[in-house]
Number of protein chains: 2
Amino acid sequence: MRSPLYLSQKSRRTHDQPISYFMQQAVENPNLISLAAGLVDAESLPAEEVAQAAEAVLRDPVRGKTALQYGTTQGLAPLRDLLVRRLAEADGIEPTALRLSADDCIITTGSQQVLYLVSEALLDPGDIVITGAPSYFVYHGTLKSMGVRTYAVPCDADGMDTHALAALLRRLNRRELARLRLIYVVDYFDNPTGSTLSLPRREHLMELVRRYSQEHRILVLEDSAYRELRYDGPDLPSLKSFDPDNEFVVLTQTFSKPLAPGFRIGYAVVPGELRDPLLRLKGNHDFGSSNFSQHLLLHLLTSGAYDRHVERLRDVYRRKRDVILAALKEHFPADCGVTWLRPNGGLYVWVSFPHEVDTGPQGRLLQAALEAGVLYVPGAFCYLDDLAERVPSHEARLCYGVASEAALREGVRRLASAYHQVTACPELTVSASR
Amino acid sequence: MRSPLYLSQKSRRTHDQPISYFMQQAVENPNLISLAAGLVDAESLPAEEVAQAAEAVLRDPVRGKTALQYGTTQGLAPLRDLLVRRLAEADGIEPTALRLSADDCIITTGSQQVLYLVSEALLDPGDIVITGAPSYFVYHGTLKSMGVRTYAVPCDADGMDTHALAALLRRLNRRELARLRLIYVVDYFDNPTGSTLSLPRREHLMELVRRYSQEHRILVLEDSAYRELRYDGPDLPSLKSFDPDNEFVVLTQTFSKPLAPGFRIGYAVVPGELRDPLLRLKGNHDFGSSNFSQHLLLHLLTSGAYDRHVERLRDVYRRKRDVILAALKEHFPADCGVTWLRPNGGLYVWVSFPHEVDTGPQGRLLQAALEAGVLYVPGAFCYLDDLAERVPSHEARLCYGVASEAALREGVRRLASAYHQVTACPELTVSASR
């Protein structure tokens, strides 16, 4: 008999993502149209551009060897410099106006590593983190693993409701406020809602953070993973740009969405005092993300290939978004009781079914959808289950990133067919008519 | 005035590597010959081979897109399969004889990430880990960050002294044994001693682990980072090969040393029950290491380019090792009281000066060496400072990986000059004769 293996407390708090089971379904059933997986469009991945960058970097006698040697834990200095300048440029300001330089930037293994390192640097079990309801479910798993308490603030078409946030902050007692460390916001084309935090709410959020950071500092973790995937409407300035002394906001962005997930490169721009603690942790994690990937990325950015690619990618995803929205409109007529948020960017459409429809794994809709050959993410997965209120169970996240335009149309048709099958909605004709 | 930033307990336990200061010295002083940095030979980095692999992967219409898409958290399946088969082959057995398959392998961001994840999965503050004295100092930092207690077992030319380990295990009381989770061994061409754990000690170590794993399991973390950099002598079977039921040994290896650090790819072969806990943690860290790097690596392995490269690299390092050993022999004659271990592989020579010579940052030797233009790693850095015994302060680690053959000769000459300057050794003529 084997003697038992002891796992750490943290390990025992670290659970499988509820989504894993569904992803497995998709892998095992090739006929399934997955509107669940948050992957990116495969067709538009820039293989040729990366091949050219690899050739340019590796066939340069000096640069080739440098790219294959160890880098630093913080990451390639010219890349960090460029990223900080591009961020400021996107916000229409100078890096110096935000007291930012390459020193404040850390290159990471995707933005997920930023979420992890920031949480590890700041959070002890029992500390408090505020997120949106709904919000990015992978980060919920990380928070649970850290043993923290969470509060969730309702989100709508304008992102996190900062008036609800203000009410929550007023409601917290002194002891709770003393443990509040972090507010997590996906502020551009949110995962899962697709909504963007409005300008007034950006200002309000930062004002609240400042006001409540008296005895200790409350940080904002600004996850701007989808910022560059904007299809309509104006770009809004980052929360970081409302932080002129580089005190409150950790901004993170990733190249997984606008370029290629295969590189696993993201980055953070962090308040000065947080940089060294993060680097010390990252030194223990891996002492630096792939130096080779960073050199290729730098080449793609400086050659202009990256910007040209993002431009093309926006067109691809804009079309896909229009296709899925048109299909939703076609298959879920207004009197069906099904509504959705129109995203101006990103990869997701957040759909609300009538309250009596349970979209979860125990509900009839998901079973009918799987039988019809389509998969979505049950909305309940995007809510923290320790939220005081009851978790809504009538929503769904649809991703239009992966499926082709034809598959998007067919996927929505199958979803509608499943919906009409499990509800008494008179629009049954929609699926019967095919 | 800024409100204070609270850091987690773990963050407060995570310190700068003592080595950082010295690395900075090397960066700031280009005339310094660094025998300190554990980097690899730049000249032999396989830029052309990687360029060819990148072209083959990226210009294949299917594979190019796949390599740029997300991979899985566990890593590329055919790569894992190949790595497990290569490991078994190196040990002269079949994977099935060890109950191993691709399922037991996890691809990571260098082997450092294995050290971190395994520690995170197993260790709570107050748990006990056994390492060698001396051993790999970067891992010491990770252990401190975890808040664990450590015991160190003396190492000699045959690696960790397992009789001393047996004595330590006998000495531990029942409560301490209950907290003992892990024994860490760099068992091929150790960092810093260059020594390899002998065959009888391998058997003895595994026998001890088995004997003391009654109430709970004690794991062995086998860091075989340098195994493929073997220049003389026979290859020894891994500790993993003495673990037929895949119960006790986590083996880790890296491609940073035998191929290119720039990829940041390593891997672990782990006991079945530890796999899912590690994957859940890694899912939160980064949900998978660079998929692109993994595809390139798979191509280099299957095309044969990797094995040809390792063969050439062995010749390069064998010559460098011979150069540094010859220089040591020339500049430190036998009656000087300076001795060293002859490594059969790896990147390091472990030098012992007479006991009265302090090689540490406060000692005269290091100052004189810096003035002479050479840098080494003070031996004391390689001992855990919570070791019951006094930390030896008369040793040094020399790395022959980075410097050219000429620089190795000149570096050792400078070190000898510094040594003769600070000691009363009659061989002062060695430096005076130049």
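Which residues in α7(A) are buried? They are A:F137, A:Y139, A:H140, A:G141, A:T142, A:L143, A:S145 and A:M146, where buried means that 20 or more other C-beta atoms, placed from the backbone, lie within 10 Å of the residue's own. This is a predicted model, in which local features need pLDDT of at least 70, side-chain atom pairs count only at pLDDT 80 or more, and totals for chains, interfaces and linings use all residues. Residues are numbered from 1 along each chain as its sequence is written, while chains are lettered from A and ligands numbered from 1 in the order in which they are written.

**Around helix α7**
- Helix α7 of chain A spans residues 137–146, and eight of its 10 residues are buried; helices are DSSP runs of H or I with at least four residues, strands are runs of E with at least two, and both are numbered from the N terminus.
- Its buried residues pack against α1, α6, β3, β4 and β6 of chain A, and also against α11 (272–286) of chain B.

**Chain A as a whole**
- Chain A holds 16 helices and 14 strands.
- Of its 434 residues, 56% are buried.
- Its C-alpha atoms fill a box of roughly 65 × 65 × 60 Å along the principal axes.

**How the two chains relate**

Technical notes. A residue is buried if 20 or more other C-beta atoms lie within 10 Å of its own, exposed if 12 or fewer, and partly exposed in between; C-beta atoms are placed from the backbone. Two residues are in contact if their C-beta atoms, placed from the backbone, lie within 7 Å.
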